[in-house]
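Hello,

Here is the structure I promised to pass on to you. Please open it next to this email, so that you can look up each place as you read.

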Amino acid sequence: MRVPLLFLVFFSLLSCQQRTAAPSDEGRNDTSLKAAPQPEVQPDNYKTAAKQIGFDVARDKDSFVLRLWMTSMVKPDRVIELRKFAGKWQGKQFDYYEESDGRLFFQPVKQKDTVLSQSIIDSLQQIDFLRLISQEKIEGFDDNVADGQSFHMEIFMPFRYKLLRYHCPESYYSNEPNNRRFVDIVMLLDKHFNFYRPFCKRQ
């Protein structure tokens, strides 16, 4: 009985090793398994423009940076930067235009107070910026306004980046919630910076 018993033990151990082998390739080509969405990366032209102006992005765990670039047929264009770092909220504003060689000429706009009021800070902290979408991603939306003004909003959070693009969102304020939400944020920022120029008619 000893030989069969040893054989049985050996066979049992072999079976266990086979069951714990590397997983098979079955299911790896299943198209129903979707990859996680890739995080947004700051485009090179925004990096270059920010570097020329002298903007920097803090990567502290508590940091938050918002930049709003505004372009239109009327020059100069404008950009504001709102920054939270080490518990302090501050803002900057620049007028700028692009020279023929692609470089930016910029001029700081003097602010009465670089520190934001608590009421604006409280309102900003209630906004879920990562859930906002760009105008071109609005399902069924058609931008039929010519000229006007375009807004490009960059949002930096720890390990996150988001870019929102809107053209004349004021023109769709009354009948499209994403455009309305974006305009409300612009108007909130304008309470501190006083940068807004009404190139697009609110509808």
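Below are some notes on one helix, the strands and a glycine.

First, a word on how to read them. This is a predicted model, in which local features need pLDDT of at least 70 and side-chain atom pairs count only at pLDDT 80 or more, while totals for chains, interfaces and linings use all residues. Residues are numbered from 1 along each chain as its sequence is written, and side-chain values use heavy atoms, with hydrogens and water left out.

Helices and strands here are DSSP runs numbered from the N terminus (helices are H or I with at least four residues, strands are E with at least two). Let's start with helix H2, residues 44–53. Which of its residues are buried? They are Tyr46, Ala49, Ala50 and Ile53; buried means under 20% relative accessible area, exposed over 50%, and partly exposed in between, with a 1.4 Å probe and protein chains only. Looking down the axis of H2, you will find these buried residues within an arc of 100°, so they line one face of the helix. That arc is taken from the directions from the helix axis to the C-beta atoms. In general, an α-helix has 3.6 residues a turn, so residues three or four places apart point the same way. Asp44 and Lys51 are exposed, on the face of H2 turned away from its buried side.

Now the strands, which pair if DSSP finds at least two bridges between them. S2 (residues 77–85) and S3 (residues 88–98) are antiparallel, with nine bridges, and Val79 has Phe94 as its bridge partner in S3. In their hairpin, two residues lie between the strands, and Ala86 takes a positive phi near 55°.

Strand S5 is mostly covered, with seven of its nine residues buried. Eight antiparallel bridges link S1 and S5, and eight bridges join S5 to S6, which run antiparallel.

Finally, find Gly148, in the loop between helix H3 (118–125) and S5. How far apart are Gly148 and Phe199 in space, C-alpha to C-alpha? The distance is 5.3 Å, although they are 51 residues apart in sequence. Gly148 touches several residues, including Thr71, His167 and Phe199, where contact means heavy atoms within 4.5 Å.

Enjoy exploring!
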